[in-house]
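The structure is shown first.

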Amino acid sequence: MDARSPGTDGRRELPVKNAGDRVVCLFVEPFGEDFWMQPEDVFAVIGGAVDPEFSVSVMTDHVVVWCNAGDPYEVQVLDKATGKVLDCGHGRPAGWPKSQ
């Protein structure tokens, strides 16, 4: 995928949409950053300046995006509706993680 966005200095972006009806957690690895998506939220994982390579894993209520190449410290998550860069823990439910 070679989606480049002018709003992100031409860096590659991977759009992620919560098309379901429940909250979904977007994890960005290798640092385990969590970003919580409400139904219909669209975020973009933005790669660093050096060609990033992403892989995606999906499981119930979770999407995991791995930064396999490039500098993982430069990866950002953007809310496509507002254009704002999100901080780790965005939208995290109170009391998460639940104890078993």
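**Strands, sheets and selected residues**

From the N terminus on, the elements of the chain run β-β-β-β-β-β-β. The model is predicted: local features need pLDDT of at least 70 and side-chain atom pairs count only at pLDDT 80 or more, while totals for chains, interfaces and linings use all residues. Residues are numbered from 1 along each chain as its sequence is written, and side-chain values use heavy atoms, with hydrogens and water left out.

Me: How many helices and strands are there in the chain?

Reply: Helices (H or I, at least four residues) and strands (E, at least two) are DSSP runs, numbered from the N terminus. On that basis the chain has 0 helices and 7 strands.

Me: Which strands form the open sheet that includes β4, and in what order?

Reply: Two strands pair if DSSP finds at least two bridges between them. β4 (residues 42-46) is joined to β7 by 4 bridges, and the two run antiparallel. Within this pairing, Ala-44 stands opposite Leu-78 in β7. The open sheet has 3 strands with antiparallel pairing, in the order β1-β4-β7.

Me: Why is one side of β1 and of β7 left without a neighbour in the sheet?

Reply: β1 (13-17) and β7 stand at the edges of the sheet, so one side of each has no neighbour there. The reason is that each has a single partner strand.

Me: Is Asp-79 buried or exposed, and how far away is the nearest side chain of opposite charge?

Reply: Asp-79 is found in strand β7 (residues 76-79). Asp-79 is buried (under 20% relative accessible area; exposed is over 50%, partly exposed in between, with a 1.4 Å probe and protein chains only). Lys and Arg count as positive and Asp and Glu as negative, with His and the chain ends not counted.

Me: Which backbone nitrogen lies 2.8 Å from a polar atom of the side chain of Asp-79?

Reply: Not counting residues up to four places away in sequence, Asp-79 touches Val-42, Phe-43, Lys-84 and Leu-86 (heavy atoms within 4.5 Å). The backbone nitrogen 2.8 Å from a polar atom of the Asp-79 side chain belongs to Ala-81.

Me: How many residues of β2 are buried?

Reply: On one side of β2, Val-24, Leu-26 and Val-28 are buried, as are Cys-25, Phe-27 and Glu-29 on the other. Strand β2 (residues 24-29) is thus mostly covered, and the number buried is 6 of 6.

Me: Which strand pairs with β2 in the parallel sense?

Reply: β2 and β3 (residues 33-37) run antiparallel, joined by 5 bridges. In their hairpin, with 3 residues between the strands, Gly-32 takes a positive phi near 70°. Leu-26 stands opposite Val-63 in β6. The parallel partner, over 5 bridges, is β6 (residues 62-69).

Me: What relative accessible area does Ser-57 have?

Reply: Ser-57 is placed in strand β5 (residues 53-59). Leaving aside neighbours within four places in sequence, Ser-57 is in contact with His-62, Val-63 and Val-64. Ser-57 is partly exposed, and its relative accessible area is 34%.

Definitions and conventions:
Salt bridge = Lys/Arg side-chain N within 4 Å of Asp/Glu carboxyl O. Polar contact = N/O pair within 3.5 Å; in protein donor to acceptor, adjacent residues only side chain to side chain.
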